[in-house]
Amino acid sequence: MNRNEALFSLIRRLETEHRLERSEYEFLLANRTPEAAARLADSAVRLRREIYGNDVYIRGLIEISSFCRNDCLYCGIRRSNSRCQRYRLTPEEILECCREGYELGFRTFVLQGGEDGWFQDGRLCKLIGRIRSAYPDCAVTLSLGERSRESYQRLFDAGAERYLLRHETASRAHYEKLHPEEMSYDSRMRCLRDLKEIGYQTGCGFMVGSPFQTAKELAEDLFFIQEFQPQMCGIGPFIPHADTPFAGKPAGTAQLTCYLLSIIRLAVPGVLLPATTALGTIDPAGREKGILSGANVVMPNLSPASVRKKYMLYDNKASDGAESAQCVSELSRRMEAIGCRVVVGRGDARQAF
């Protein structure tokens, strides 16, 4: 069997068995071809349609704080970046974002921010309660980094149902190259286990093309996702930020990101898979390309216009046009152009089989 035959043999197995070994994922990545990418995308879209139809779910993203206690080497809001414009939304400002989002049709609010100590459990629980009371038909998703199991439990009991926490990389050695010494790979993995055990719809994810990443690290990511079986998975190309140690590193690509989206859809058929802002930033048609590779979620920005440019995780982060929640009609038009439809609803994960 030659290399191309072996490649398509693995794709056929992934299509039917929805799992591969680490070494097989590495082979898929190391031997990527346009023909393989097209086959994977076709299969991923077909599978997504079986489970979710042509529906694309929208989430209202509210970036609540650019303060962060961490110093991740790739992130523009890292603690030591003195040029970052810091802000923190008040609970009233967050509730106003939810009010506007609800009127625009959003039924999931994603509260995302750096690991900001101001947002203690008491404040967050009260805020979550107010959102759920005002909008009982909506889901509250949190993406606020690492916390104790007790904290996650309190937030869950207050009404948060989903939690996004990117694992960043499933390789311990690679993790240590992306983060300062005080951050722990074991802690990140513990958090993900805690979230799932508590009962959250749990999301993980990673950057595509991050510094020091090879096909071996990406294969570790894919195998981890396959075994962890998250309800959500967010991946997007690495984009450097000028005020970080990785400023001069090359960005990831839309092509590899889409290839990986297709593989993830096949490995975890019912996963909620976003076409991320980073993908839309690096490629003007990135949203559409992501959906045509198997994604089924988009997360327009509901944050106040005055702070969107301050939450700059990477250079030139898109926040206007179709990335803006206020332009949901444009986003709908763009999705309709590729045979999909933006739907109003909570958009919970579904069991595939």
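This is a predicted model: local features need pLDDT of at least 70, side-chain atom pairs count only at pLDDT 80 or more; totals for chains, interfaces and linings use all residues.
Reader: Where do we start? What does the secondary structure of the protein chain come to?

Author: Start with the inventory. The protein chain has 13 helices and 9 strands. Then check the overall packing. The radius of gyration is 19 Å, close to the 20 Å that the globule rule gives for 353 residues, so the chain is as compact as a globular protein of that length.

Reader: What does the C-alpha trace span along its principal axes?

Author: About 60 × 45 × 35 Å.

Reader: How much of the protein chain is buried?

Author: Burial is read from relative accessible area, with under 20% as the cut-off. Here, buried residues make up 61% of the 353 residues. The accessible surface comes to about 14000 Å². Carbon and sulfur atoms hold 49% of that surface.

Reader: And the contacts? What share comes from residues 24 or more positions apart?

Author: Take the contacts with a separation of 6 or more. Residues 24 or more positions apart account for 74% of them.

Reader: Now the strands. How should I read β2 and its pairing with β3?

Author: Look at direction and bridge count. Strands β2 and β3 run parallel, joined by 5 bridges. Strand β3 covers residues 108–113.

Reader: Why is β2 described as largely enclosed?

Author: Count its buried residues. In β2, 6 of the 6 residues are buried, so the strand is largely enclosed by the rest of the structure.

Reader: What continues from β3?

Author: Strand β4. It pairs with β3 through 5 bridges, and the two run parallel. T108 has A139 in β4 as its bridge partner. Between β3 and β4 the chain passes through helix α5, residues 121–134, in a right-handed β-α-β crossover.

Reader: Which way do the residues of β4 point?

Author: A139, T141 and S143 point one way from β4. V140 and L142 point the other way. All are buried. With 5 of the 5 residues of β4 (residues 139–143) buried, this strand too is largely enclosed by the rest of the structure.

Reader: Where does the chain go from β4?

Author: To β5, residues 162–164, which pairs with β4 in the parallel sense over 2 bridges. L142 stands opposite Y163 in β5. The β-α-β crossover runs through helix α6, residues 149–158, and is right-handed.

Reader: Let us turn to single residues. Is S133 buried or exposed?

Author: Exposed, where the cut-off is over 50%. S133 lies in helix α5, and its relative accessible area is 60%.

Reader: What does UniProt place at S143?

Author: The feature "binding site", from an unreviewed entry. S143 is found in strand β4. Its relative accessible area is 12%, so it counts as buried. Leave out residues up to four places away in sequence, and S143 touches L111, Q112, G113, Y163 and L164.

Reader: Where else does UniProt place that feature?

Author: At E168 and R188, again from an unreviewed entry.

Reader: Last one. Where is the place of N70?

Author: In the loop between β2 and α4. A loop residue still needs its accessibility checked. N70 is at 12%, so it counts as buried. Setting aside neighbours within four places in sequence, N70 is in contact with R78, R79, E115 and M183.

Definitions and conventions:
Residues are numbered from 1 along each chain as its sequence is written. Side-chain values use heavy atoms; hydrogens and water are left out. Helices (H or I, at least four residues) and strands (E, at least two) are DSSP runs, numbered from the N terminus. Buried means under 20% relative accessible area, exposed over 50%, partly exposed in between (1.4 Å probe, protein chains only). Contact means heavy atoms within 4.5 Å. Two strands pair if DSSP finds at least two bridges between them. The radius of gyration is taken over C-alpha atoms; the globule rule is 2.2 Å times the number of residues to the power 0.38. Accessible areas come from the Shrake-Rupley method with a 1.4 Å probe; for residues, only the protein chains shown count as cover. A crossover is right-handed if, with the strands pointing away from the viewer, the path from the first strand over the helix to the second runs clockwise. UniProt positions are given in the numbering used here, feature names are shortened, and annotations may be inferred rather than shown by experiment.
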